[in-house]
Amino acid sequence: MRSLITILFIAILSGITTFFLPWWMVAVCTFLVVVTMRQRPGQGFRAGFAGIALLWLIVILCRDLPNEHILSARMAKVFGLPNSGLFILVNILLGGLVGGLAGWSGGVMFKYFRK
Amino acid sequence: MRKLVAILPLVLTTIFVYLLDKPLGKLPAIGRLLDPVNGCWASADPVNKSFDLQLQLPGLKQAAEVRFDDRLVPHIKAATEHDIYYVQGYIHAYFRLWQMDMQTRAAAGRICEVAGEKALKFDRGQRRKGMVYGAEQSLKAMEADPRSKDMLDAYSAGINYYISQLNYRAYPLEYKLMGFKPEAWTNIKTALLLKYMADDLTGYTEDIAMTVLRDMLSPAEFDLLYPSRMEGSATVIPSDTVIQHPSLKTLAAPPDSIAWTHLQTTDFIQDETDGKGSNNWALSGSRTLSRAPILCNDPHLGLNLPSLWYEVQLQTPSMNVYGVSLPGAPGVVIGFNDSISWGFTNNYRDVKDFYAIEPMSANTYRFSGKELRYNDRVEVIKIKGRPDFKDTVHYTIHGPVIYDQSFHGPGGLIKPLAVTWMAHKPSNEILSLYLLNHSNNYVQFVDAIHHFNCPGQNMLYADRAGNIALWGQGQFINKWKDQGKYVMNGADSSTLWKELIPVAENPHAFNPAQGYLASANQTVTDSTYPYWYNGYFNEFRSWRINQVLRSLHSATVEDMFKLQNDVYSILASKVLPVMLQHINVDVLKLKERKYLDFLGGWDYRLTPDSKAATVFQVWWTELYEVIWKNRFSKVPDKIYPSPERTMQLMIDNNPAIGNLNDLAVYSLRNATDSLAKLEKAGKLEWSKAKNTSVNHLTKLPAFSYPDLKIGGWGNTVNAAKSVHGPSWRMVVQMGRQIEAYGVYPGGQSGNPGSKYYATFLDKWVKGEYNKLSFVPRSGKATSRFTWNIQP
């Protein structure tokens with residue numbers, strides 16, 4: 001339950017923040033949420049990964065579906081990928097990785113500094 | 001230690017994020033680009049996106065309205081001239097900002113700033129040509145006239161208001177990929193864009209090759225191979241046109257020893273073509289079914305995305321004009337209004353001449369027996385990720401020294417040459433467009449185009465009163481015979497450009513007896529025109545257009561569509577029989593005969609599916625090459641006698657061609673190899689072999705359309721070459737109701753993520769047209785989307 005809430009917090013806070021501030025705020029938000037939610041390093045990585053991947057997946061679907069994949073097909077080609085699905089997957093994994101690393105950092109930080 | 005371990009993941013994460021936020025080598029900043037909220041995904045316009053807007057534009061004087069039709073063509077209605085150009089600027093920026101930015105950067109030699117060092121040679125070339133200098137001169141003229149100044153100021157303000165509201169998320173996709181951002185627009189950028197067109201259409205360096213050729217050949221040979229007037233040209237101005245008496249006297253040419261410079265092999269060091277044609281024609285009522293004149297134009301230019309053109313209708317109480325505009329310039333360039341229609345093709349008279357400079361010291365050169373100082377202009381080229389590059393360009397009495405030891409000319413030329421170019425003179429083409437857009441009759445049309453100095457254009461006219469006309473318009477010089485044909489001696493004052501020819505004396509024709517007028521970059525006039533000129537004329541398309549128009553007596557717009565998309569090759573029809581006649585089939589190998597068989601019964605049409613077209617084009621290209629290469633392949637730019645001249649000499653069996661029996665077989669043998677390769681790759685069909693492509697300005701394949709199924713080539717009316725072709729096909733019937741059709745290979749939106757990015761491409765390929773919804777002054781456009789704009 002707690003990890004689910006953490007994931008949602010990460011996704012929502014990152015989404016709102018990056019609407020106004022640069023993209024790397026997703027890392028800052030994830031880090032802060034993980035520390036606040038007192039997650040362990042492993043939990044932090046998973047929550048961060050899931051939170052940002054979820055956020056990016058939702059935003060991408062909201063843009064890609066009404067666009068009928070025009071942009072994603074072109075971007076896939078820019079990156080030398082065979083189709084838009086794979087491009088979206090790579091895109092989401094990248095977000096997940098940034099979130100995961102930030103969550104892990106938060107978890108490690110919390111673990112060592114709580115006392 | 002504990003603390004260090006605790007901080008380590010944070011440090012690693014920070015480094016990772018930092019790397020994703022910075023461009024690495026050729027890669028853009030991946031994190032920024034792939035952020036779904038602000039990155040590339042922001043350019044994914046929903047296919048059913050509503051472009052409806054309530055806008056407040058603070059620079060506006062009164063309320064204005066824009067109604068977009070189904071094709072996203074804006075019909076802009078404003079109360080004042082200021083407002084219409086303000087809104088046009090805003091709209092151009094809204095749909096085409098990156099393109100405008102990029103093209104003006106290219107004009108100014110500022111590509112290195114955004115693309116890095118690889119563009120240095122290009123940027124230096126632009127600076128040395130004096131592109132910025134020329135734009136500055138023109139800007140002075142434009143800002144000296146209140147009409148063009150107000151127009152430009154309003155236009156720039158509209159663009160800048162749009163830019164001021166942008167954040168990173170709203171940047172066009174290409175900015176995110178290339179990692180730079182929009183900068184404020186200024187009037188000089190519009191001037192630069194016009195110079196970019198001038199350079200595209202008049203920026204030739206043939207004089208250098210001609211200088212080498214003149215020393216290589218006897219005068220008789222030179223005239224035979226490189227005649228200054230093509231025999232049998234169906235000239236732009238019909239030959240029965242009465243030419244008015246010239247007001248200027250013919251100037252005596254200085255003696256050869258003074259006029260010319262010679263280029264020796266020591267003037268070159270080892271170093272590392274084809275023109276842009278266009279067609280326009282107009283039929284008077286005597287030749288049309290409706291008895292109303294029909295005007296047709298298809299300017300051939302580089303085929304790019306976002307397209308060079310942007311369709312628009314502009315409506316104010318004093319003007320109602322429809323046509324294509326250039327994103328980056330206010331007004332309509334080619335189009336029609338309530339009363340008149342007009343179109344342009346390139347005029348190709350030579351307005352760019354070269355002078356050999358004799359340096360006397362590092363800072364001085366010889367002129368008229370004196371030692372003159374250069375005016376130095378330091379060009380600072382900013383390079384992304386590198387220190388600035390400084391290039392000092394010497395300006396002489398002739399103009400900038402374009403080539404020298406530090407920047408080589410064609411063929412590795414190192415002798416210092418200065419260039420005198422009409423595009424360096426102050427001129428106000430924007431005023432010309434302004435007046436043209438407002439013209440209601442022939443007199444006003446003529447008054448308008450007389451402000452158009454460079455690039456010289458064949459300006460075609462048709463009005464609702466039933467008149468047609470054509471002007472070979474531009475600012476030209478009263479030259480002595482051969483002046484500027486070769487590189488001139490820059491140390492003597494007798495070679496300078498002298499008087500300007502009064503524009504009213506430019507060649508023109510009004511309601512000719514033949515009932516039509518046509519230009520397709522052919523020779524402008526016959527020998528009755530009193531002023532001497534040279535140029536880079538093409539004849540094939542003109543021959544074909546004249547052939548077809550002569551046969552039409554009740555032409556319809558459909559006939560015009562057919563002619564604009566005509567792929568009949570006059571070259572093939574005349575030269576192929578000669579080629580076949582010289583082939584001895586007995587000496588051919590089986591595979592050579594196989595390709596030859598394709599040509600049997602061919603109708604000389606370069607249709608997309610034709611294999612015969614491919615066989616002919618490949619064979620002809622080989623033959624043309626082997627005829628001339630031994631003698632001329634060392635000439636800078638490889639300037640060979642023109643295909644037209646080559647064809648004529650072949651038909652006449654002129655000894656200058658060599659032994660055609662041998663050449664025909666030899667070239668067929670070479671062609672067979674290329675054809676076999678094409679066949680193996682499954683590309684023997686003409687459209688596949690030639691590969692007409694419409695490429696994004698960055699050349700990114702993901703944003704481009706290669707391999708279009710379209711016929712034609714440079715020698716046919718539908719001149720779809722590999723990356724050049726008809727950039728805007730327009731047919732306007734000027735009857736009681738104006739009936740207009742048009743199509744360009746692109747779409748109204750510059751955004752590769754929009755469904756409007758290349759909407760018209762398919763129609764363009766198939767030779768189909770969009771009906772243009774020209775809204776009358778009193779009427780309202782049926783609109784898909786509306787912008788209500790308040791001041």
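**A histidine and its partner**

Modeller: The side chains of H394(B) and D376(B) make a polar contact at 2.6 Å, a polar contact being a pair of N or O atoms within 3.5 Å, where within protein one must be able to donate a hydrogen and the other to accept it, and where residues adjacent in sequence count only if both atoms are side-chain atoms. This is a predicted model, in which local features need pLDDT of at least 70 and side-chain atom pairs count only at pLDDT 80 or more, while totals for chains, interfaces and linings use all residues. Residues are numbered from 1 along each chain as its sequence is written, chains are lettered from A and ligands numbered from 1 in the order in which they are written, and side-chain values use heavy atoms, with hydrogens and water left out.

Biologist: In which strand of chain B is H394(B) found?

Modeller: Strands (E, at least two residues) and helices (H or I, at least four) are DSSP runs, numbered from the N terminus. By that numbering, the run of residues 389-395 that holds H394(B) is strand 16.

Biologist: Is N347(B) buried or exposed?

Modeller: N347(B) lies in the loop between strand 11 (340-346) and strand 12 (352-356) of chain B. Buried means under 20% relative accessible area, exposed over 50%, and partly exposed in between, with a 1.4 Å probe and protein chains only. Because its relative accessibility is 1%, N347(B) counts as buried.

Biologist: How many residues of helix 20 of chain B are buried?

Modeller: Helix 20 covers residues 643-651, and its buried residues include E644(B), T646(B) and M650(B). What covers them includes helix 15 (540-551) and helix 21 (660-680) of chain B. Helix 20 is mostly covered, and of its 9 residues the number buried is 7.

Biologist: Which residue takes a positive phi just after helix 20 of chain B?

Modeller: The phi in question is about 55°. Just after helix 20 of chain B, the residue that takes it is N653(B).

Biologist: What is the radius of gyration of chain B?

Modeller: Chain B has 23 helices and 30 strands. The radius is taken over C-alpha atoms, and the globule rule is 2.2 Å times the number of residues to the power 0.38. For 791 residues that rule gives 28 Å, and chain B is close to it, so it is as compact as a globular protein of that length, with a radius of gyration of 27 Å.

Definitions and conventions: Contact means heavy atoms within 4.5 Å.
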